[in-house]
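I opened my notebook today to look up a few places in a structure, one entry at a time. Come and read along with me.

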Amino acid sequence: MSERSHPEALLRLRGISKSFGAVQVLAGVDLDVHAGQVTALVGDNGAGKSTLIKGIAGIHAFDDGTYTFEGSEVHVTSPKQANSLGIEVVYQDLALCDNLDVVHNMFLGRETRRRITLDETAMERRAVETLRGLSVRTLASVRQTVSSLSGGQRQTVAIARAVLWNSKLVILDEPTAALGVAQTEQVLKLVRRLAHNGLAVILISHNMNDVFEVADSIATLYLGRMAAQVDARTVNRARVVELITSGRSGALGLAAPEEAQA
Amino acid sequence: MPTEPLTSADAGPSAGEAPSADAAPGDRPRPGALLRLRALLHLDQQYLPVVGSVVVLVLMLVVGGTRYDNFLSPLVLSNLLIDNSYMVVLAVGMTFVILTGGIDLSVGAVVALSGVLGARMFESGYPAAVCLPVMVLVGALLGVLAGVMVLVVEVEPFIATLAVMFLARGLCYVIAPESVPIRADAITTLGTSRFGAGEWVITPSGIIALVILGSAFFLLHYTRFGRTVYAIGEDEGSARLMGLPVTVTKLGVYVLSGTCAGVAGLLFAISTRAGYSRNGIGMETTAIAAVVIGGTILTGGSGYVLGSLLGVLALGLIQTMITFEGTLSSWWTSIFIGTLLFLFVVLQRVIVLRRT
């Protein structure tokens, strides 16, 4: 677990730009993500949140800027490469297979093998350990199919899948978007626990309640630019909403004259 | 973090609870005992279609056994597997394709092509060591073609394999429009050998079918490839997001089905001792019917190769029963298959609806 007092950022982005054809989606974005902290990434629709995380996850490479992970500059160009660095993404549309059980889903694509056959016992043991490490007690059995799980439980499995691989950075794309109140609470606790266990977490959310409940740091994107990344304890909800909608709030945010033209 | 009750797993909109409902009658006994009882009686919904296949098969055996003498004799039951060994192999390959949500319409024509090609090669004096592998490989090659069309050109599996079907059928007529007898010793030996204990017998073809079935079972349930097949069938998009090798696996599935069709062509040639261009017409539909009656759901993601064996045996039993009946014409086979298929499709629909 890292200290709060000026630790080296696990992920450090500087001057990130990305265009799709003539459309500049990201322009000079800076972002610091620390281990043991939840960094909320907020912004209106089309602000560039998805593009930013897809770049971090290696789905499409950034055009410009530096991407530093664990102190060394990297060029992440494929999801596999991101995975091998210890970066995992839990996508909004929950990439899980309904017809397979919890263990199968957690290991899908990276199954533990004994020679060529799957080692079910080892996988089940590790799945149970991982879920226990996350204090997940809501699953009756790790051998039930995912189709029988509730939305919150599915999200739990997706997150557990992400932390199974000694990951260092877990990116969660709107993990509570489709959940009820109790289930949202359950997932937010889990998010907090990930950070408590020493992982760096990027949480994308539209829900200010969620953000203020779990985030240590709040990064606000506004029209493809980083309006501000601030300590969550130093701002209130109104200021963050102002940053999201207008790109600035008092002394924070983008300078007044150069309104974003992107 | 507070300990949530274990039963909170039931809080969600879980459709999977339904089958175990009868295991938890009225009053709630001690939770421990209840859970154990449920675990014991719990039948996951995905096994339901296969249970249907078992029920149908047992029912047919009981009806046949009470109606006809000698119906349940070892010889009749042995022949059920022997006569349908090529269909078992076809159904195994088809199961893989259907599990990924695809379909392979080319297999009947590939059976004919494999047979005709083999027959011509034997006629030209090639040794069995060359002919037999070629008969299998031609299927694999056409499987590659279908797979490439599906994956690279992104043609619907229905159309891609339909094209391969026409191609293979056309090639048959190019090679030999007429029936070509196979007189090679190897084929005769394979066709006439019998192994057995008492009245139970098995032929080399039956053994090949069972070995392929066993290998397919292993591949599907104990390897990463098999796991990926199920994942693709459930949701190809999710499988891609999870970083699974979707393209390679789907290609593999069509190659597997093509190879199985090649083997089936060989087995069919062994049993008929000839290669004929008009063989195997409609065989692909029978294979699909067997897979569906065996409990595999056509939209993919759910099913078992052992179920497909049951499906083939059920279809074979219909034929056997009609033979035993003596007075019924053979077209009644189609009518019975149609009825059975209809019942199973309705059953599947009900299961899919209940799941959502």
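**Entry 1: a hairpin in chain A**

I am working with a predicted model. I began at T68(A) and looked up its partner in β5(A), which is E73(A). Two strands are involved here: β4(A) and β5 (residues 72–73) of chain A run antiparallel and are joined by 2 bridges. I then checked the turn, and found that β4(A) and β5(A) form a hairpin with 2 residues between them. E70(A) sits in that turn and has a positive phi of about 50°.

Next I asked myself which residue of β4(A) is the bridge partner of R12(A). I found T68(A) again. The strands behind this pair are β1 (residues 11–20) and β4 (residues 64–69) of chain A, antiparallel and joined by 5 bridges.

**Entry 2: a sheet in chain A**

I traced an open sheet of 6 strands in chain A, and wrote down the order β6-β9-β10-β3-β11-β12. The pairing in this sheet is mixed. Why is one side of β6 and of β12 left without a neighbour in the sheet? I noted that β6 (87–90) and β12 (225–231) of chain A stand at the edges, so each has a single partner strand. Neighbouring strands are turned by 20° against each other on average, direction ignored.

Inside the sheet I picked out β3 (residues 38–43) and β11 (residues 217–222) of chain A, which run parallel with 5 bridges between them. L41(A) has A219(A) as its bridge partner in β11(A). I also saw helix α6 (residues 181–196) of chain A packing on the sheet, where it touches β3, β9 and β10 of chain A. The direction of α6 makes about 150° with that of β10(A).

**Entry 3: a glycine in chain B**

I moved to G198(B), in the loop between β2 (195–197) and β3 (200–202) of chain B. Is G198(B) buried or exposed? I counted 7 other C-beta atoms within 10 Å, so G198(B) is exposed, as the cut-off for exposed is 12 or fewer. I also looked at L75(B), which is 123 residues from G198(B) in sequence but 9.5 Å away in space, C-alpha to C-alpha.

**Entry 4: two helices in chain B**

I looked up α5 (residues 107–123) and α7 (residues 157–175) of chain B, which pack at an angle of about 25° with their axes 8 Å apart. α5(B) and α7(B) are therefore roughly parallel to each other, since angles under 35 degrees count that way. The crossing is left-handed. Among the residues that meet are L113(B) and V116(B) from α5(B), and A168(B) and L171(B) from α7(B). I sorted the contact residues into 11 nonpolar, no polar and 2 charged.

How values were computed. Residues numbered from 1 in each chain as written. Chains lettered and ligands numbered in written order. Predicted model: local features only at pLDDT ≥ 70, side-chain atom pairs only at ≥ 80, totals over all residues. Pairing = 2+ DSSP bridges. Helix = DSSP H or I, 4+ residues; strand = E, 2+ residues; numbered from the N terminus. Axes fitted to C-alpha atoms, helices over the stretch in contact; angles between N-to-C directions. Contact = placed C-beta atoms within 7 Å. Buried ≥ 20, exposed ≤ 12 C-beta atoms within 10 Å, placed from the backbone. Parallel < 35°, antiparallel > 145°, perpendicular 65-115°, else oblique. Left-handed = near helix turned anticlockwise from the far one by under 90°. Nonpolar A, V, L, I, M, F, W, Y, C, P; charged D, E, K, R; others polar.
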